[in-house]
Amino acid sequence: MNGISRRTAAPRVADPPAVEAQPARLVSGSEFAEIRDLAYRTFGLDLKRGKEALVTARLSKRLAALGLGTIGEYLEILRRDRTGAELTSLIDALATNHTSFQREPQHFELLRTRILPAIAASSGRTGIWSAGCSTGEEPYTILMHAADALGEQHLAKLRLLATDISNKALAEARAGIYPLDKLADLPAEWRKRFLQKGVGDLKGSFRIRPDLVSKVEFSRLNLMEPFENAGTFRVIFCRNVMIYFDKRTQEQLVRRFTARLEPGGWLLIGHSEGLMGVKNDLEYVMPAVYRRPV
Ligand SMILES: C[S@@+](CC[C@H](N)C(=O)[O-])C[C@H]1O[C@@H](n2cnc3c(N)ncnc32)[C@H](O)[C@@H]1O
């Protein structure tokens, strides 16, 4: 990896101010019901009963950051939130952004052995969508496999869209800077070709080569909102996102994803998800892999 320092690096996302989060009083039944209703209507997030302690713990940090003493005061802010900004922070607090490079490697094996060779043989531009991309490890993994399999000179054949509801996660994704311990997930040869090691105040980090970062189209999208204009895709990765949704929301989302897939296109979901009990028009290929019939 070549060295990069702060001067040459994309701006790093500022860390939130260190505020000591005090444990808040457990949300009351009616507060929980209001948060649950709001999260469901706005993001499709299905907060099951019994998650009161988890919700309280996750909101404590947000309350501390806003200097609020009670969940009631926080709810008042949410009720008056006309811009949607606090609602976005709510989903950041409630959902997890956990991800990693090469997560669930079976999907990348499939990408290399079946999907990318077909793309290489086809003419025209092909879309791949990472829906719920979090901090970017998933779309960059797709990109590095594509660069490897197709050759970097052919990356223009790909349109790689990466979306998430979280502005915070997207800012990190766009920066493409990660702590060095994440290198362990990537082959040594890729480190030399695709990554740059941080020096100076970026010591302890590496970044994805900026010309590669620019090949990913990052955009904020709440999957509960229309995406009919997003285009059509050969592959949609929507992994470890639907796990938060109830069956009805999953069914609607899978139907809308299906409409965005080319005939023969692939929907890849998380291995702990599965579409059991979710009506759909896709062919089951193998665990966590579905295809739109040709
Ligand atoms: C656990 S991460 C999954 C990241 C990556 N797909 C993976 O499997 O490693 C889940 C992501 O889904 C996003 N998310 C949750 N609800 C969403 C919604 N309604 N619309 C868009 N993204 C959503 C979260 O912000 C989070 O970044």
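At 30% relative accessibility, R58 counts as partly exposed. That class lies between buried (under 20% relative accessible area) and exposed (over 50%), using a 1.4 Å probe and protein chains only. This is a predicted model: local features need pLDDT of at least 70, side-chain atom pairs count only at pLDDT 80 or more, and totals for chains, interfaces and linings use all residues. Residues are numbered from 1 along each chain as its sequence is written, and side-chain values use heavy atoms, leaving out hydrogens and water.

R58 sits in helix α2, residues 52–66. Helices (H or I, at least four residues) and strands (E, at least two) are DSSP runs, numbered from the N terminus. R58 and A93 are 35 residues apart in sequence, yet their C-alpha atoms are 5.6 Å apart in space. Setting aside neighbours within four places in sequence, R58 is in contact (heavy atoms within 4.5 Å) with A93, L94, A95 and T96. Its side chain reaches the backbone oxygen of L94 at 2.6 Å.

## The sheet

Seven strands form an open sheet with mixed pairing, in the order β7-β3-β2-β8-β9-β11-β10. Two strands pair if DSSP finds at least two bridges between them. Strands β7 (216–220) and β10 (283–286) stand at the edges with a single partner each, so one side of each has no neighbour in the sheet. On average, neighbouring strands are turned by 20° against each other, direction ignored.

Strand β3 (residues 158–164) pairs with β7 in the parallel sense over 5 bridges. Here A162 stands opposite F218 in β7.

## Helix α10

Helix α10 (residues 247–260) packs on the sheet. It touches β2, β8 and β9, and its direction makes about 140° with that of β9. Such angles run from 0 to 180 degrees between N-to-C directions; axes are lines fitted to C-alpha atoms, for helices over the stretch in contact.

How far should the 14 residues of α10 span? At 1.5 Å a residue, the answer is 20 Å, and the end C-alpha atoms are 20 Å apart, which agrees. The expected span is 1.5 Å times one less than the number of residues. The buried residues of α10 include L253, V254 and F257. The buried residues pack against α1 (29–43), β2, β8 and β9.

## The ligand

The ligand is surrounded by 20 residues. The closest are T99, R103, G132, D164 and N240. A side-chain N or O atom of E138 is 3.0 Å from a nitrogen atom of the ligand. A backbone N or O atom of L223 lies 2.9 Å from a ligand nitrogen atom.

Definitions and conventions
A residue is near a molecule or strand if one of its heavy atoms lies within 4 Å of it. A polar contact is a pair of N or O atoms within 3.5 Å; within protein, one must be able to donate a hydrogen and the other to accept it, and residues adjacent in sequence count only if both atoms are side-chain atoms.
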